[in-house]
Amino acid sequence: MGRSVRSVIAVVCALVALPAFAAAQEAVTITGRVTSAEGGAPLGTASVTVEGMGSVTLTRDDGRYTLVVPAARAHGQQATITARLIGYKAKAATITLAGNVTQDFALDINPLRLGEIVVTGVGLTSSTEKLGTAISTIDSTLITKSHENNVVEALAGKTPGVNVTSQSGDPGSSAYIRIRGIKSLSGDAQPLFVVDGVPIDNSVMTAEDPTAGVAAPNRAADINPNDIETVTILKGAASAAIYGARAADGVILITTKSGHAGGTHYSLGSNYSFDKVNRKIPLQTAFAQGSHGVTAVCNAPGCRLSSSSFGAPITDGTPIYNHFDEIFETGHNSDNTLSASGGNDKTVFYLSAGYTNQSGIITGPNDTYKRSTIRLKASHHLFDRLTVGGNISYVDGRGQFVQKGSNTSGLMLGAMRTTPTFNNKYYIDSTTQTQRSYRYPEPVLFDNTSGRGYDNPFFVIYNDLNTAETNRAYGNINLNYDATDWLKIDYTLGADYYNNQLLDAQAQSSSSFAPGQVFRTDGNNLQIDHNLTATASHTFSPSFSGTFTLGQNLNARRFRETDVNGQNLVAATPFNLQNTTAWIPTEFKSLVHSESYFGQATADLFNQLYLTAAVRNDGFSTFGESNPRAWYPKASVAWQFTNALGKTDQKGIFSFGKIRAAYGETGKEPDVYSVNTVDIPGGFFGTGFGDFLNATQQGNGGLFSNGRLGNPNIKPEREKEFETGLDLGFLDQKVDVALTYYNEKSVDVILPVPIPLTSGFGTQLLNGAKISNKGYEVSANVRPITRPNFSWDFGVQWSRNQTKILDLKGAEFVSNVAQFGGTFAGASGAATLGHDIGLRGNDFIRCGRGLSVGLSTDTLSHPIDSEFCQGKGKNALYIDESGFPVFDPTDRVISDPDPHWTGSIRTSFHISKFQVSALVDHKQGGDVWNGTRGALYNFGAHKDTEIRGGTYTFGTDYPYLKGAVAGPGAGTPVVIDQSWFQGDGSGFVGPSSQFIEDGTYTKLREVSVAYTFDGKWVPNLIGLTSIDLRLAGRNLATWTKYKGIDPETNLAGAAFATQGVDYFNNPQTRSIVVSVGLNR
Amino acid sequence: MKTQLKGAICAAALVIVAAGCNDFLKGGDLTKDPNNPLDATPKQYFASVQSQLWTQQTGDLARLTSMWLQQVVGAARQANGTYNFTGVTESSFDGEFARAYQGGGLLDLRKIDAQVTPLGDSIFLGISKIVEAWMIGVDADIWGDIPYNQADSFFVYPQPILDPQQQVYDSVQSKLSQGIAELESGEGSGPEEVDLVYGGDPDKWIALAHTLKARFYLHTAEVIGSPAYANAVTESNLGINDNDGDYIANFSGSQAGESNPWWQFLDANGTTGRNGDIVATDSYLETYMAGIHDPRFSDYFDPGNEDTYDFSPVRENPTYPQPFVTYNENLLIRAEGLLQTSGAGAAAVPLNAERAAWATATPWHSAFTLTPLTATLANIMNEKYIVLFQNIESWNDYKRTCYPQIVPIAGGVNGVIPGRLLYPVGERQTNTNVPAVVDQPARNWNDPAPCPPVD
């Protein structure tokens, strides 16, 4: 029987197997849905992979996916299929590749992102649980939900230790980011931005001084936020050391979206916003233009009237204009991004086109910014072990802006100073067809060449022209070669090029330059980056594995800028150089090369202890000859101690614990050409009040020595940081907490050390300053309800950084216009020993400062501390015999713009297909100089000046200078009138300290309600897979005691490290955003 | 092996570096600033020196003096703070103090000296010394004891000591004498056409140097007395002897940076946006000249002109040639000197020669017929106050003679117009030789007595 039995069995087997073989003749289609285990919400953009087959696809927004395994490869075998999504634990299932397979996944959330891969450097990645430092990753959802055009602004409130300040609500304005305090005293202190492994430029280019002119973006704003997959922030030296001498201020690693194999996925995201001014400046409406109670009257054309509104009370029935509201309207921003992505097992692509069209809140047609972006990212498996990839982005940015700031042709300056009874809207005189303003209400005929004192804001809006046109291309090509199973080689060659054309034009009769002028700036920037890394990895035993990476980086940065100020317009328009009669040209170019090598080794021990050590060696052309190269080491350890306790399943009350510690060093290269000792540039001699004489007169070329003594031995600054922290999970990971402490010290900080003026130089560049930053960062997330169809979670984060300048090479402070630009005489930017970078200026005479005064009774000097201040409290305001406080001419620190702490709370609800989320952001402390208020006191235009003529007592009921008082006149009532508001109570004359305000704010930064339509009717009716609808609010509410516009502001934006300056800044906005997402 | 490795790396780097590895971090635009010249010729330095001198003479110091001496009124903003003395702090005048020392001042004058000395260009050297003495003398007038002997030698004297004001004045006199001696040798070609005032004419520079010597002798007269007046007379006799020798700035007005800084600041056209900050309306000088029916009034003021805030359009003009040192001043120095040494009779001669000189128009004024005056100190100094409109020298005259008899605005500082400015904070913070604000004297060595209150 033997043989026949075997035959029968064979036949039976064949019969049984037949259907399987038959089925194998066809491709296998796997469909399914990926949802959240806790809540049941569909999960879009999750990747689903058939392991070992190269078949990958992404879920659509309804969580559904379809994978096709080609017939040739499917023969009924078992296969592992895995679903992965950032923020969730990957889940695998075993399926049989036959017929149509349905496989759904319910993914558990992974709040600590354990096991996820994050980019930590060029060619370097790490799994999150192995990280020895606090590296924050912000994913695309959070970026998109912020509805910000500028990726930097979108980072606000998202992660502790990272503070973002938006310049203003102007379209295309910049956002300033500061990570863990200020490390350096030069440059703009902005982090290095790296997109897909290639550094890009994030500078701010303006045609005029950034305190005037128009808002300009930080160039990272050229990135379409919708193209971003993740933003990873390397906050300090401990994590950023691998970027060496460019990483002192941290590194922002941006990874753009990639395509995945599978069906082509289309998505159209459209947003439309309604933007309004969020906070206003209060103006007085009770007193007329004039002086000392006498109203100014224009008796004849050509009259020039008082700049102040200290006239008689406005009589009833006189029309009063709201000079704030009249210049603003509802702005709009429409933002559309269409993307297509997909591919097959060999080639994947992501293609997107975006168009943002913003029309700002300033009335009229000249407040716009339009950004068009296209992006293609693709990769192809050329051979089995070799992948080539590339990506390119092209950006076209065009804006029209309105003049701002410290500028008699600035919008707010003229508008806010205007007397309440003057009708600004009638800005062109009907008789003479020329500009009329409140100081020059009746222009004489043909007078287009005299200034108006301050420009009429409507003239500024409609008659001046300020434009920016940016064209930028950036991207890279890359090769990934898996030489062997253990050796991987990555090569990236990237480039970033942009050309920026700026025009600022002030029409004839502009108060800043009455004959009319244009500023033309052409700048271009090219950066090329070459990066080669090789990584070897080996598993020695189950409890010991490691990697070793070696890399080389070459980088070249070329910058060119040409500026021409053309003066005296011949015809009223066009605003171009040939229509002007005198030209002031400036050219600047620079070239920087760097050549660096780096290595990193990691060791994973017993699945719980993770060690990393790395070093980078940098050579920069900006380093001095005696210090041509610098080393930057780092080392970190992370111990997942719950694993040591045997709790590897992340369950239970105490479900996860990791302790980490790291040390690292980064650097900051010297500014280009710091090595040149004395330049002989020529130029002009000015007084700071606008008048100046050129060195060259009547064609005789003049050259003179620069005031800065360079240093041929300059070396890079060095930041040394120790960081330690804990990452904890509780209650089956329903609660997670992360704590970080860091202690950073910057040494060799380059500063132009002030040297005696009588040396002939103002400063000498030296490596000498020391700065310390210490801080804590805390974040906690709680997910109390995680039921299907209903979930609620919230998170809080808090951080505190303390900056202290420890050494300024002997100086008490450094105040240097070029360095701490964007500030003013009287409230000037400076770094002061024992403080942070802040403002210096004058204060009133106060107790506790060892000051002396004179009295009318004798000619002696009276020390106030012993004679008047006993028991009056520290810093009590000295009141002289007349009852007024007294100006103290000593220059001192008056503001600290850095917050004491920052925090945010976010929450989100999810009920079925509804999602509600909110983010509240708080900044505690951080001074802002309200120069606007100070100036408006002087002009009697501020609401506060309505108390004029009243009798008040300092220390008792005078409302604008509070606190304890001391001195012979304490308690003496005084009349507060024009002479006070234009004297010591004025922002121009009096101490600036009285206009330093607490910039504390709480903001409802983001709030949104969303609904996803993914019912059967969606595909059936319109052929889409899902439709997302969202209604969102941006900055809907701001709570602050600041007396003016939003305290989140800075006149010069991100152009300088000096922050907290408000001088007729254009206001911020709050927005309602409607967005629709169509997915297929 | 090492070479091979380097070769391999360079090969990889060739993608972006055509030049080869050795040059990747050095050379060309990488290490040498391509944007600025690294050296200049004496004439190029001199062009800057001239502009720096003109800025010193027409900038913030001139505005301060004119406001404190009430030739003009600080009506608004910072100028108002200066006018009523409240806005003047130790950080107000860093730039003005530094001019004499920095590029365009001593720093570049020393470079001129070093370059022209081997060439034997005594004319250039002489002119350079005169400008040095003049600029440093202005700082000594205002700040008193100042660094001079150790100034501009950072690597030798990182913290220069303050030389006593008297010693600085001695150095100024000797520098001027050296300058005269160099010029008298007649060797070399000097700055030629770059000197927009004298065209490098040695005789004019010699005369200017003598008048400056006379001027600086007067600055010591309050303390030294007769010998100083006698020296001033002697030097005045050798000084500028007609209006052709006036040192008057020559502004082309073709663009902002070649226009009279007074005009730039005041400009009714609003180029700088400072218009209305300083006005002439109802200044003491305007009232005074109107009161004595001075025929020159129309050259100075235009009451009711809302465009110019009462300045005369003659003065408020981009090309107005601002007089710094003139034949007229030289005569009035002589008049004051003679009055103090030889009496009113002798003093009347230069005083009325000065008055008579007005009959001929010069680039800086129209022709006016003035009546002779008796040579009283009041008459001499009030005449000089008019002549030195917008000139820093008015403050020195006032400190010495207390003319014109003006009441300090808003009570001045402790009842008087200050005799000096505080050392600038930029110097105080960096030079330990500079005393703290509270330890600084209220007045300088040459001016011990404040002016008594005016009835």
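# Chain A against chain B: interface, sheets and backbone exceptions

Chain A and chain B share 26 residue pairs in polar contact, counting pairs with both residues at pLDDT 80 or more. The model is predicted. Between them the two chains bury about 7200 Å². The points below start at the interface, then move to salt bridges, sheets and backbone geometry.

**Interface between chain A and chain B**

- The contact involves 84 residues of chain A and 93 residues of chain B.
- Of the buried area, 59% is on carbon and sulfur atoms.
- Phe689(A), Leu757(A) and Thr758(A) are the residues of chain A that lose the most area to chain B. Together they account for 11% of what that side buries.
- Several strands of chain A each supply at least two residues of the side that touches chain B. Among them are E26 (487–506), E27 (517–541), E28 (544–569) and E29 (580–605). Strands E30 (609–620), E33 (684–686), E34 (692–694) and E46 (887–895) also belong to this group.
- Which strand gives the largest share of the side of chain A that touches chain B? E29(A) does, with 11 residues.
- By residue type, the side of chain A that touches chain B divides into 39 nonpolar, 34 polar and 11 charged residues.

**Salt bridges**

- Over all chains, the count comes to 65 salt bridges.
- Between chain A and chain B, the count is two.
- Asp691(A) and Arg63(B) meet through their side chains in a salt bridge, at 2.8 Å from N to O.
- Within chain A, the side chains of Arg629(A) and Glu595(A) form a salt bridge at 3.2 Å, N to O.
- That pair links distant parts of the chain, 34 residues apart. Arg629(A) sits in strand E31 (residues 629–639), and Glu595(A) sits in strand E29.

- E28(A) and E29(A) pair in the antiparallel sense over 25 bridges.
- Phe544(A) is placed opposite Leu605(A) of E29(A).
- E29(A) also pairs with E30(A), again antiparallel, over 12 bridges.
- Leu605(A) has Leu609(A) as its bridge partner in E30(A).
- How many residues lie between E29(A) and E30(A) in their hairpin? There are three, and Phe606(A) in the turn has a positive phi of about 55°.

**Four-stranded sheet of chain A**

- Four strands form an open sheet in the order E3-E2-E5-E6, with antiparallel pairing.
- E3 (55–58) and E6 (91–96) each have a single partner strand, so one side of each is left without a neighbour in the sheet.
- Neighbouring strands of this sheet are turned by 20° against each other on average, direction ignored.
- E5 (residues 78–84) and E6(A) pair in the antiparallel sense over six bridges.
- Gln78(A) is placed opposite Thr96(A) of E6(A).

**Five-stranded sheet of chain A**

- Five strands form an open sheet in the order E11-E16-E17-E14-E15, with mixed pairing.
- Why is one side of E11 (135–139) and of E15 (198–200) left without a neighbour in the sheet? Both strands stand at the edges, each with a single partner strand.
- On average, neighbouring strands of this sheet are turned by 25° against each other, direction ignored.
- E14 (residues 192–195) and E17 (residues 251–256) pair in the parallel sense over four bridges.
- Leu192(A) is placed opposite Val251(A) of E17(A).

**Backbone exceptions**

- Most residues other than glycine have a negative phi, and most peptide bonds are trans.
- The peptide bond joining Thr573(A) and Pro574(A) is cis, with omega about 5°. Pro574(A) lies in the loop between E28 and E29 of chain A.
- In chain B, the peptide bond from Tyr403(B) to Pro404(B) is cis, with omega near -5°. Pro404(B) lies in the loop between helix H18 (393–401) and helix H19 (425–428).
- Gln433(A) is not a glycine, yet has a positive phi of about 60°. Its place is in the loop between helix H5 (411–417) and helix H6 (457–463) of chain A.

Methods
Residues numbered from 1 in each chain as written. Chains lettered and ligands numbered in written order. Predicted model: local features only at pLDDT ≥ 70, side-chain atom pairs only at ≥ 80, totals over all residues. Heavy atoms only, no water. Pairing = 2+ DSSP bridges. Axes fitted to C-alpha atoms, helices over the stretch in contact; angles between N-to-C directions. Contact = heavy atoms within 4.5 Å. Buried area = accessible area lost by both parts, 1.4 Å probe. Salt bridge = Lys/Arg side-chain N within 4 Å of Asp/Glu carboxyl O. Polar contact = N/O pair within 3.5 Å; in protein donor to acceptor, adjacent residues only side chain to side chain. Nonpolar A, V, L, I, M, F, W, Y, C, P; charged D, E, K, R; others polar.
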